Amino acid sequence: MSNENKSIHEFDFNLICEYFSNLERQGPGSHEVTINALGFIGNLTSESQIADIGCGTGGQTMVLAQHAPGIITGIDLFPNFIELFNANAEKLNLQNRVQGIVCSMNNLPFQKEELDLIWSEGAIYNIGFERGLNEWRKFLKVGGYVAVTEASWFTEERPAEINEFWMDAYPEIDTIPNKVAQMQKAGYIPVATFILPENCWTENFYALQVSVQEAFLKKYAGNKTVEDFVANERHEAQLYDKYKAYYGYVFYIGKKI
Ligand code: SAH
């Protein structure tokens, strides 16, 4: 890939894509957590219409497809991720009911009340939790479910260093009761809420990035943007290790009423 005539922003886009394409998941999670969340969702049949929004390369989508009936549409903004997503679906022989399309979560391609379930792991922050829950609701049938993971505070107060990090990265991070209240206000019954176990971040997310980071630094030796990007990812992992008592991802499952 030539970087001539590319703005840093374009390079970052490709860089982030390339980096995360090397991983099964692009956010914290696990097979067990996806299956546990699915356990709260009733009434799915082979006719059910499911959307996985911000699906990435489909780590959680394929688990979903293997444990739930229905037709799944994966939505992601990054064409490379959708290419890998569709290749993964084919590898698992799921292509007849799992399809990825390139589209923004701000402008979903569904009809009003078309969906039985909206899934979104580690992605709703791109539109914002409250806005996403409010805007996506119209696509759900009455009685349909939404299941999303979202960065949340575990305590009312926290050390300044981690507070500042999140205020800069995603100021919408909030406590679990506040997020549940937002879900209720958006017109959902809050069916279940649970904190993702630490291994979703450590073993399943940050640990898998170590070899990708080393390969990246080698491939792009001397490239300051890459060095900064990797340093950034490492810093994030260190912060998690230091402050994991104060924040994490939470699964929020709601039912449209
Ligand atoms: N659900 C996956 C990926 C989470 S990372 C997992 O848990 O592994 C967040 C994903 O949101 C990325 O794949 C990114 O490409 C996607 N994304 C970012 N902005 C988006 C937007 N506006 N519309 C759709 N997808 C978006």
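In which hand does helix 8 pass helix 9? The crossing is left-handed, a term for a near helix turned anticlockwise from the far one by less than a right angle, with right-handed used if it is clockwise. The contact (heavy atoms within 4.5 Å) involves residues of helix 8 including Tyr206, Gln209, Gln213 and Phe216, and residues of helix 9 including Val230, Ala237 and Tyr240.

This is a predicted model, in which local features need pLDDT of at least 70 and side-chain atom pairs count only at pLDDT 80 or more, while totals for chains, interfaces and linings use all residues. Residues are numbered from 1 along each chain, and side-chain values use heavy atoms, without hydrogens and water.

Helices are DSSP runs (H or I) of at least four residues, numbered from the N terminus. Helix 8, residues 202–219, has 18 residues and spans 25 Å between its first and last C-alpha, close to the 26 Å expected at 1.5 Å a residue. A bend of about 30° occurs at Val210, taken between axes fitted to the seven residues ending there and the seven starting there. Buried residues (under 20% relative accessible area) of helix 8 include Phe205, Tyr206 and Val212.

| Pair | Angle between axes | Distance between axes |
|---|---|---|
| Helix 2 and helix 3 | about 50° | 9 Å |
| Helix 8 and helix 9 | roughly 155° | within 11 Å |

Helix 8 is therefore roughly antiparallel to helix 9 (angles over 145 degrees). The crossing of helix 2 and helix 3 is right-handed; His31, Thr34, Ile35 and Leu38 in helix 2 meet Gln60, Val63, Leu64 and His67 in helix 3.

Notes. Helices (H or I, at least four residues) and strands (E, at least two) are DSSP runs, numbered from the N terminus. The expected span of a helix is 1.5 Å times one less than its number of residues. Buried means under 20% relative accessible area, exposed over 50%, partly exposed in between (1.4 Å probe, protein chains only). Axes are lines fitted to C-alpha atoms, for helices over the stretch in contact, and angles run from 0 to 180 degrees between N-to-C directions. Angles under 35 degrees count as roughly parallel, over 145 as roughly antiparallel, 65 to 115 as roughly perpendicular and the rest as oblique.
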